Amino acid sequence: QVQLVESGGGLVQPGGSLRLSCAASGNIFSIHAMGWYRQAPGKQRELVAAITASSTDYADSVKGRFTISRDNAKNTVYLQMNSLKPEDTAVYYCNAEVKTTGWGRAATYWGQGTQVTVSS
């Protein structure tokens, strides 16, 4: 079993910053891609940013404002969010593609989500 635990959400004024963290624990053999998604009320969940061993990818709406990074020793992924806008308000979820053994395919695991609210 693998658990992902997010932290760092909260209320921030427009133009402010927040840093989200997501730590993976449990029966982990290796972690491949890790990412952040968000879901605003009434909208579908969307990819915000993703990171692999060799690349990063961002939604157009957050490019230049958000930075994803990863600490492999801690099995943790971070999302630094700067210049936040009201439209960034959503529940943010992390996910990870994890192999629990040295063979077979990786499975996707999700965190429970953390609320980010951007409002004055």
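Tutor: Strands are DSSP runs of E of at least two residues, numbered from the N terminus. Two strands pair if DSSP finds at least two bridges between them. This is a predicted model: local features need pLDDT of at least 70, side-chain atom pairs count only at pLDDT 80 or more, and totals for chains, interfaces and linings use all residues. Residues are numbered from 1 along each chain as its sequence is written, and side-chain values use heavy atoms, without hydrogens and water.

Take strand S11. S9 pairs with S11 in the antiparallel sense, over three bridges. Val91 stands opposite Gln115 there. Strand S2 (residues 10-12) runs parallel to S11, also joined by three bridges. Leu11 has Thr117 as its bridge partner in S11.

Thr114, Val116 and Val118 form the covered face. Gln115 and Thr117 form the uncovered one.

Val116 is among the contacts of Met81 (heavy atoms within 4.5 Å), which also include Leu20, Phe66 and Tyr92, leaving aside neighbours within four places in sequence. Met81 is one of the residues with the most contacts inside the largest nonpolar core, which has 30 residues. Such a core is a set of buried Ala, Val, Leu, Ile, Met, Phe, Trp, Tyr and Cys residues joined through side-chain atoms within 4.5 Å. Buried means under 20% relative accessible area (1.4 Å probe, protein chains only). S9 gives this core its largest share, five residues.

S9 also holds Cys94. A disulfide (cysteine sulfur atoms within 2.5 Å) joins Cys22 to Cys94, S to S 1.9 Å. Cys22 lies in strand S3 and Cys94 in strand S9, so the link ties parts 72 residues apart in sequence.

Technical notes. Buried means under 20% relative accessible area, exposed over 50%, partly exposed in between (1.4 Å probe, protein chains only). Helices (H or I, at least four residues) and strands (E, at least two) are DSSP runs, numbered from the N terminus. Contact means heavy atoms within 4.5 Å.
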